[in-house]
Amino acid sequence: MKYTLPFLIFSVFFSITINAQTANSIVETSSLSSAFLESLILEKINAHRQEKKLVLLENEPTLIKAAANHSSYQGSVKKLTHEQNNAHLKTPSLRVANFGGNFNLVGENVALVSFDSKSTYATVSEAFFQAWMNSPPHYQNIITADYKHSGIRFRFSKDPKTRQPIIYATHVFAGLKARYFSEVPRNNYGISPFNSSCAYYKNTGGIAEVLANFIIVKKDSIYLHYHNLRHIKQYFLAAETDGFAIDIVERAQFPCDKANLTSAVGAYQGVSLPPKYREELLVNNPMYEQNKFLAFLGVLPEGLVDNYQLNVISIRNHCACSNSSYLEVPVSGIPLVKILPVWHTTFKVNKLDYKEQVTEVQFAQGKTTLSSSETSTIRSLIEQHKKNIQRVHIFATSSIEGSSDKNEQLGIDRAEYIKDLFKKAGYAPESINYHTLERWDMFRQQIKGTPFAFLLQLSNPQIQERLNTDKGLFDKIEYLLAQQRKTQITIKISTEEKFRSIPNNELELLAEFERLLEAKELDAALEVQSKMVYAFVNDKLNKATLLATKIPLEKEYIPMLSNQIAVELFFSDYIPHSVLVPNWGDPFFSVDQAFVDKLMNLIQLSESDLPLQYNLSAFAIKYMRYTRSSIMDAAQLYQKILGFSDEAVYGKFSAWNKTEIERLKLNFHLAAADYFYQKFEYEKRGNSLKYVREHYSKQDLKIDEALYLAKYFNQNYRFQWAIDLLKNSLETAPKHEDTYFTYVQTSTLLQDFDQPLEASYLEALEKALQMNQSRWCAWMNTNYQLMYNADFKHVYCKRCLG
């Protein structure tokens with residue numbers, strides 16, 4: 001959209017012989033031929049455009065009406081202006097829209113010329129032409145290649161000071177007619193452009209800008225699904241004239257060889273759907289009782305191709321306050337950090353000097369063997385650690401195309417292939433385990449809000465059928481599928497010689513433990529159980545053996561009950577842990593009420609027993625994280641955790657486990673950030689997020705850990721935190737591709753796309769392009785609405801399609 005702000009005033013005094021309906025005709029105030037005067041001006045302008053090898057402008061009826069309206073307005077207010085007081089006619093674009101026009105670009109020149117009884121059509125037209133030609137902003141409109149249509153109209157008036165006769169002129173330019181499947185009403189559905197009513201939107205905490213990420217399409221129906229009804233009512237539906245509307249924008253609207261085919265006539269940029277307002281949205285919300293928001297916003301029009309995006313217009317007092325478009329920004333949750341249980345044993349029991357190392361290898365589509373380079377990665381891993389590897393876990397995945405039956409077998413075959421590499425290197429089969437997964441979980445997360453989001457409305461078999469039969473779609477989405485074929489190998493490494501001295505006679509230990517328990521020789525029983533725990537934590541004894549004995553729920557058995565509970569709470573089938581890098585997402589968490597009741601009874605048995613209280617607190621945090629509810633008050637739980645450092649209460653255990661207590665505090669805040677968010681306690685949530693940030697600012701994070709933390713900040717709308725962290729990481733690892741792309745993508749959120757992009761940001765874009773051009777272009781293809789900005793469009797068209 002272009003506006004020309006300078007205003008031009010010229011006087012014309014000539015003596016010409018009068019010949020009716022010719023250029024030499026005298027301009028009569030009582031019988032001005034607007035069409036004739038327009039034709040003379042347009043003829044001059046087109047002659048100049050022809051010299052510049054530009055397409056000639058053509059008269060367009062709606063532009064003529066808009067020009068006539070605005071010239072009349074200027075005559076009535078007796079001044080040159082580009083704005084009117086009427087909200088629906090305020091800007092050139094809105095005036096064009098009001099008369100039924102729908103173009104991708106709209107511009108406007110205005111001027112006034114004084115004349116007298118001797119002025120002719122020729123002299124007046126030349127005066128207007130020279131006025132605009134000699135003014136750089138007006139001249140720019142005249143020679144803009146993207147303009148195709150024109151409308152010029154006039155209004156007689158008198159100078160308010162000299163009473164000299166004057167003519168106001170308005171020249172409206174427009175580009176291509178925007179491509180619509182449905183016509184926008186002349187009043188633009190009654191929606192005004194951004195104005196002072198929208199000032200409140202700065203207080204939405206960034207939610208208005210990301211609403212498009214919460215769109216769901218089922219069959220041809222469009223819904224907005226947001227997890228917090230209170231937010232919607234508070235920020236977006238406070239009054240009856242507040243609401244939402246859908247704006248459908250296609251990839252085809254951003255061609256490289258011409259101007260964008262987006263509308264310049266108000267709130268809508270693409271295919272417009274009628275707005276929905278507060279009463280209708282709230283009355284028909286089926287998720288009211290769950291304090292969630294699900295609203296029907298319209299039906300997809302016929303004729304849409306796959307590559308489109310659904311924008312959400314937020315309306316306040318009939319004003320379009322924001323137009324949220326999908327923007328792909330990497331996000332991630334952080335799993336609770338690994339917490340070691342506090343054992344109630346007769347000697348200190350912890351794992352020997354273990355460390356875990358996670359390595360990824362990439363399988364090709366449909367392949368069950370690795371390339372030579374990927375195989376070398378595994379062999380190098382084995383060679384590096386040799387006999388110090390105590391356990392291997394393989395997470396073998398398959399992408400979702402093909403068929404689920406074949407993909408299941410594909411995952412197994414891939415895991416067996418890697419397992420065989422370790423077996424050939426001399427590792428015992430029982431030290432190697434694996435699990436497999438067809439990555440539907442990842443796929444649905446990957447395509448949410450992207451041009452491929454239409455697939456979310458299909459069943460898994462339907463998606464597979466589509467990918468298996470539509471090669472064009474498959475090729476577009478292959479870069480996402482490739483990510484699903486990465487297999488993780490986690491090795492547990494120990495360099496302790498003592499590992500070989502760990503007890504491994506578990507059946508004998510179990511029999512002895514049960515004998516001593518029955519005889520109520522509790523100290524001796526605890527000694528035997530301590531040995532069993534020691535063997536268990538070092539993978540020499542099965543979990544089932546430790547849980548096989550039913551121990552009475554009585555106070556004198558607290559130490560042994562605490563150890564059993566620790567096994568149940570902290571250990572499941574072997575899954576590797578890392579400080580920050582999640583393995584395969586947060587696990588499903590399910591627990592029956594009987595188990596919770598048992599834990600609460602245990603809590604009451606001994607309020608001052610640190611191992612028991614510590615282990616139960618760890619469970620309470622986990623329960624809060626995964627259920628968004630609590631088995632005890634959050635403030636009470638945190639005070640309990642802080643109290644673990646009190647040696648006067650808990651004695652030697654507090655000194656032994658300071659590191660674990662700090663980890664427990666961190667886990668509390670990781671869980672509390674989500675918990676308080678669901679409870680609308682935003683200040684407490686903010687405090688928990690600050691704790692997480694401050695905690696990790698003191699850690700020496702690896703590059704991958706810093707990356708996941710930045711994605712966590714993104715997920716919680718702390719974008720500047722993420723950028724600061726990523727910039728710091730790039731100082732030490734400037735060529736780390738994932739970190740650099742996450743930095744660029746997050747920084748994109750903070751750019752003002754109505755202005756030229758910052759030089760530093762353009763440099764970052766260029767560096768990302770040099771790192772991985774295909775990845776950069778794939779990102780732009782997904783986020784094509786960035787091409788509203790001329791700088792983005794230039795880089796994309798030159799580097800990706802040039």
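**Disulfides, strands and rings in a predicted model**

The structure holds 2 disulfides, a disulfide being a pair of cysteine sulfur atoms within 2.5 Å. Before I go through them: this is a predicted model, where local features need pLDDT of at least 70, side-chain atom pairs count only at pLDDT 80 or more, and totals for chains, interfaces and linings use all residues. Residues are numbered from 1 along each chain as its sequence is written, and side-chain values use heavy atoms, with hydrogens and water left out.

Helices (H or I, at least four residues) and strands (E, at least two) are DSSP runs, numbered from the N terminus. For exposure, buried means under 20% relative accessible area, exposed over 50%, and partly exposed in between, with a 1.4 Å probe and protein chains only. Cys-256 is partly exposed at 36%, whereas Cys-797 is buried at 13%.

The other disulfide joins Cys-777 to Cys-800, with 2.0 Å from S to S. Its torsion about the S-S bond is about -90°, so this disulfide is left-handed. Cys-777 is in helix 28 (residues 773–782) and Cys-800 in the segment after helix 29, 23 residues apart. Cys-777 is buried, with a relative accessible area of 10%.

Now the strands. Two strands pair if DSSP finds at least two bridges between them. Strand 8 and strand 12 run antiparallel and are joined by 8 bridges; Glu-250 has Tyr-308 in strand 12 as its bridge partner. How much of strand 12 (residues 308–316) is buried? The count is 9 of its 9 residues, and both faces are covered, with Leu-310 and Val-312 among the residues on one side and Ile-313 and Ile-315 among those on the other.

Strand 12 also pairs with strand 13 (residues 319–324), antiparallel, over 5 bridges.

A separate item is an open sheet of 3 strands in the order 6-7-11, with antiparallel pairing. Strand 6 (215–218) and strand 11 (293–299) are at the edges with a single partner strand each, so one side of each has no neighbour in the sheet. Strand 6 and strand 7 (residues 221–226) pair over 4 bridges, and Ile-215 stands opposite Leu-224 in strand 7.

Last, the rings. There are 26 aromatic pairs; rings of Phe, Tyr and Trp (its six-membered ring) pair if their centres lie within 6.5 Å, and planes under 30 degrees apart count as stacked, over 60 as edge-to-face and the rest as tilted. Phe-236 and Phe-244 are a tilted pair, 5.7 Å centre to centre with 50° between the planes. Phe-236 is buried at 0%, and Phe-244 is buried at 0%. Tyr-235, Phe-236, Phe-244 and Phe-293 form one aromatic cluster.

In helix 26 (residues 737–748), Tyr-740 and Tyr-743 lie 3 residues apart, about one turn of the helix. Their ring centres are 6.0 Å apart and the planes are at 65°, so the pair is edge-to-face. Tyr-740 and Tyr-743 are both buried.
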